[in-house]
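Have a go at each task before you read the solution.

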Amino acid sequence: MTTLAAAPTRQARRARAAVAALFLTNGAVFFNVVPRYPQIKADLGVSNALFGTAIAAMPVGALLAGLLAGAVIRRLGSARTASFGIVLLTLATLIIPFAPHWTAFAGALFVVGALDSIIDVAQNAHGLRVQRLYGRSILNSLHGVWSIGAVLGGLMGSAAAGLSVPIGVHLTVSAVLFSAIALVAFRFLLPGAEDAERVADQDATPVSRSFTRAAVGMLAALGVLAAAGALVEDAGASWGALYLSDDLKAGAATAGLAVVAMQVAMTVGRLAGDRVVDRFGQRTVVRAGSALAAIGMGAALAVPSVPSALAGFALAGLGVATLVPAAMHTADELPGLAPGTGLTIVSWLLRGGFLLSPPLVGLIADQTSLRVGLLSVVLAGVITVIFGRVLVNRA
């Protein structure tokens, strides 16, 4: 259950601003790297398949570390885990400019993925703590702030690429800036136990020591939804710049706008998401949005050009804007599970989409073209329309 309040307290407002700052920095740190992918790929001298394999090391690290998030949070607390984890994350990105071989680049991304998976669960767990104090949904807006961070990072990376700023200098500036923001935010996060804001419900379903068949089925379906959302996001992050630069012959600065277009649209969708979901229900919003993503990206690939590609990535981002928050929220409310269990598992399954997408798209691109490989976005939209029926359609 949630503690209902007429108005959020000063502490709650400060905590919301602080956790939003963590979401912003988490989005900005990695997306500073993404627009530099064409230069990194050229410097390493690798094929699409090898580059995709190297990128896949990030979700591998996330998958291996993700299930440890609950234990780390119980020991250190979600506030400390998220804040200081972001500092470590920025330091990990500084390995990338000095990678002499694609395996070293993959190793750096492995560390980045491992840290990011734990930070992701921690910041969402803390966001849900703040949401309980507010007594209404704020999670979509927090993910919207993450998207703002991703846009900010993408713009920084695109500008640095366009100005030919050395990657080492660029990522050092990013590390100093966003580490400072995370450390300041830590001072204003909620203190105390992770379940301090929960109110005991006498009629709640008892917590089970083992997973029921229904719980496993729901978690699997929610994991598929989250993975589909990850696949769409990864298409823009990992392949957008390469598609525009290699297939459509766009310049470095323009090519970096693919991920920016997706994240801007996703930001708009998430910032408006809480209000839209309250009106129409999260199941309706997610399924309609996923249909929009599939149709928009399909049309963009059918008529290839720089403007249509940017529009396609934007519609894909807008369409899946509320998908991951909806899957996480539903998982966190599954009856019979210990607090945080559903969130941790679905966050872990989410990484499966990031693991499968880069090598799959890279392999298809080498065999056919990257344009064909990006049809995975259309497929993810169709899958979400089908599996979205498991979401609760709260009006």
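**Exercise 1.** Find the helix that holds A226, and decide whether A226 is buried or exposed.

*Solution.* This is a predicted model, so treat each value as computed from predicted atoms.
- Step 1: Locate the residue. A226 sits in helix α9.
- Step 2: Look up its relative accessible area, which is 1%.
- Step 3: Compare with the cut-off. Buried means under 20%, so A226 is buried.
- Step 4: Look at the surroundings. With neighbours up to four places away in sequence set aside, A226 is in contact with V324, A327, V346 and L350.
- Step 5: D43 is 183 residues from A226 in sequence, and their C-alpha atoms are 33 Å apart in space.

**Exercise 2.** Work out which residues form the salt bridge of this structure, and where they lie.

*Solution.* 
- Step 1: Count. The structure holds one salt bridge.
- Step 2: Name the partners. R270 pairs with E233, and the closest N and O atoms are 3.5 Å apart.
- Step 3: Check the distance against the limit. A salt bridge needs these atoms within 4 Å, and the pair has 3.5 Å.
- Step 4: Place each partner. R270 belongs to helix α11 (residues 257–271) and E233 to helix α9 (residues 213–247), so the pair ties together parts that are 37 residues apart in sequence.
- Step 5: Check the burial. R270 and E233 are both buried.

**Exercise 3.** Two residues share helix α6: Q123 and V130. Describe the surroundings of each, using Q123's contacts and V130's contacts.

*Solution.* 
- Step 1: Check Q123. Its relative accessible area is 0%, so Q123 is buried.
- Step 2: Check V130. Its relative accessible area is 0%, so V130 is buried.
- Step 3: List the contacts of Q123, leaving out neighbours within four places in sequence. They are V19, L22, F23, N26, A82 and W146.
- Step 4: Do likewise for V130, again leaving out neighbours within four places. Its contacts are A12, A15, R16, V19, I138 and L190.

**Exercise 4.** Decide whether R351 is buried or exposed, and list what R351 touches.

*Solution.* 
- Step 1: Find the helix. R351 is part of α16 (residues 341–367).
- Step 2: Read its relative accessible area. The value is 7%, so R351 is buried.
- Step 3: List the contacts, not counting residues up to four places away in sequence. R351 touches P59, A62, L63, D116, S117 and D120.

**Exercise 5.** Which residues make up the patch of positive charge, and which make up the nonpolar patch?

*Solution.* 
- Step 1: Name the charged patch. R10, R13, R14 and R187 gather on the surface in a patch of positive charge.
- Step 2: Take one member. R13 lies in helix α1 (residues 10–31) and is partly exposed, with a relative accessible area of 45%.
- Step 3: Name the nonpolar patch. V264, V268, L292, L315 and L318 make a surface patch of about 360 Å².
- Step 4: Find the helices behind the nonpolar patch. At least two of its residues come from each of α11 and α14 (306–319).
- Step 5: L315 lies in helix α14 and is partly exposed, with a relative accessible area of 31%.

Technical notes: Residues are numbered from 1 along each chain as its sequence is written. This is a predicted model: local features need pLDDT of at least 70, side-chain atom pairs count only at pLDDT 80 or more; totals for chains, interfaces and linings use all residues. Side-chain values use heavy atoms; hydrogens and water are left out. Patches are made of residues with over 30% relative accessible area and no salt bridge: like charges are joined within 9 Å, nonpolar side chains (Val, Leu, Ile, Met, Phe, Trp, Tyr) within 5 Å. Accessible areas come from the Shrake-Rupley method with a 1.4 Å probe; for residues, only the protein chains shown count as cover. A salt bridge is a side-chain nitrogen of Lys or Arg within 4 Å of a carboxyl oxygen of Asp or Glu. Lys and Arg count as positive and Asp and Glu as negative; His and the chain ends are not counted. The place of a charge is taken as NZ of Lys, CZ of Arg, CG of Asp or CD of Glu. Helices (H or I, at least four residues) and strands (E, at least two) are DSSP runs, numbered from the N terminus. Buried means under 20% relative accessible area, exposed over 50%, partly exposed in between (1.4 Å probe, protein chains only). Contact means heavy atoms within 4.5 Å.
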